Amino acid sequence: MDESPAPDEHLARLMARAQQGDSNAYVTLLRAITPRVRQLVRARRGFLGESDVEDVVQEVLLSVHAVRATYDPARPLMPWLSAIVRHRLADAGRRHVRQGAHEIGVDDLDVTFQAPPANSREETFGDPDALAQAIQTLPPGQRQAVELLKLRELSLKEASALTGMSIGALKIATHRAIATLRRALRASDEK
Amino acid sequence: MRTDELIDRLGRDVTVAQPLPAPGIRTAMWTVWAVSFLVVVAVMMFAVMSSAAVTATPLYLVQQSVALVTGIMAARAALASVIPGTSSRVWVLPAIGAAVWGVSLLWGGVLDLQASGTLGVASQSDWPCVVSMTAGGLVVGSPLIWMLRRGAPLTPGLTAFLAALAALSFANIEACLTRPHAFALTVLLWHGGTVAAVAAICALTAHRWLRWPDLTTR
């Protein structure tokens, strides 16, 4: 007969071991709870897109990491985890409303100036494929900085939280990445 | 960053994180500190002024006891509120305590009216008590804030309000010892007003000092 513990008991044991610094138990635990967290987020915020769901999931995982000492190993894990998910979702909702109150959605408006060249509709933004290729050739740190700050448009603080890099390091990596991209694109234009 | 990468990074960063003691135990630890503060204040005050300055009527003792119990219940509720999964109704017991405290002071006002023919509200202003309670609350409440910041700030406003109520309940006793009042309604208005105002300020500013711990991974 199968004597394996109930799933929640298993998770509680993993967390108890993680609290003692067991890295393997912690990774196993996080991998086990991530689908549940994702499910909870989708169930409560069905309107979120996949990337937004993933953002909230990552925020919950970071929160679990930050307050793991508040978990009492004698109690079941899921109510503890669900409470964190619920509150982080509420925080995300409040942040969304706050940002909405301070930001105005604007359609792509034509920008015109008196000078004829400024009104040219022939102007292009360059070759997106060349840009994508150039980004792939960047060193990992610079590529990550560009992807997070320029493509996903995260704030420096958010990107710092995700990568563990300091804000200063992110700024430097972005600056160097832009310079490298500029050189690479100029070189490809000249060919 | 992909979620899998984040998990690997968090796994690499994990260190020993001893579980926090239960809220009841943490409340007991804080209560020892708060009561010690009161004892020190009482000893200092009785050393410089006659103990007869405080008229320990049964109602006065009831009022101070209720303030003490309210403070302990509020501290326990605040400490429980930073533990995920705790009931969201942690505020009920301290609210009942605060209500009983208010009623006991109102009853004292009724007795004052019968005995002296006045509620005494206009005869005493009490700004020194406001200062004394705020300073005392800061001394009593600082360790509580430190303890709360080790938890999860799920409801910062409520947690901060309860913590302020806890600290100021003890500070109220300190103020009643150091500046005895002739009329109960003065205590209700000035001490109660101080508790309400400081707790409201704490609740409104809680998001600044009760934040989620640093979420960056090293």
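Me: What makes a residue buried, exposed or partly exposed?

Reply: A residue is buried if 20 or more other C-beta atoms lie within 10 Å of its own, exposed if 12 or fewer, and partly exposed in between; C-beta atoms are placed from the backbone. This is a predicted model: local features need pLDDT of at least 70, side-chain atom pairs count only at pLDDT 80 or more, and totals for chains, interfaces and linings use all residues. Residues are numbered from 1 along each chain as its sequence is written, with chains lettered from A and ligands numbered from 1 in the order in which they are written.

Me: Why is B:Val121 called partly exposed?

Reply: B:Val121 has 15 other C-beta atoms within 10 Å.

Me: What does B:Val121 touch, not counting residues up to four places away in sequence?

Reply: B:Leu185, B:Thr186 and B:Leu189. Contact needs C-beta atoms, placed from the backbone, within 7 Å.

Me: Why is helix 2 of chain A called roughly antiparallel to helix 1 of chain B?

Reply: Their axes come within 8 Å and cross at roughly 150°. Angles under 35 degrees count as roughly parallel, over 145 as roughly antiparallel, 65 to 115 as roughly perpendicular and the rest as oblique. The pair is therefore roughly antiparallel.

Methods:
Contact = placed C-beta atoms within 7 Å. Axes fitted to C-alpha atoms, helices over the stretch in contact; angles between N-to-C directions. Helix = DSSP H or I, 4+ residues; strand = E, 2+ residues; numbered from the N terminus.
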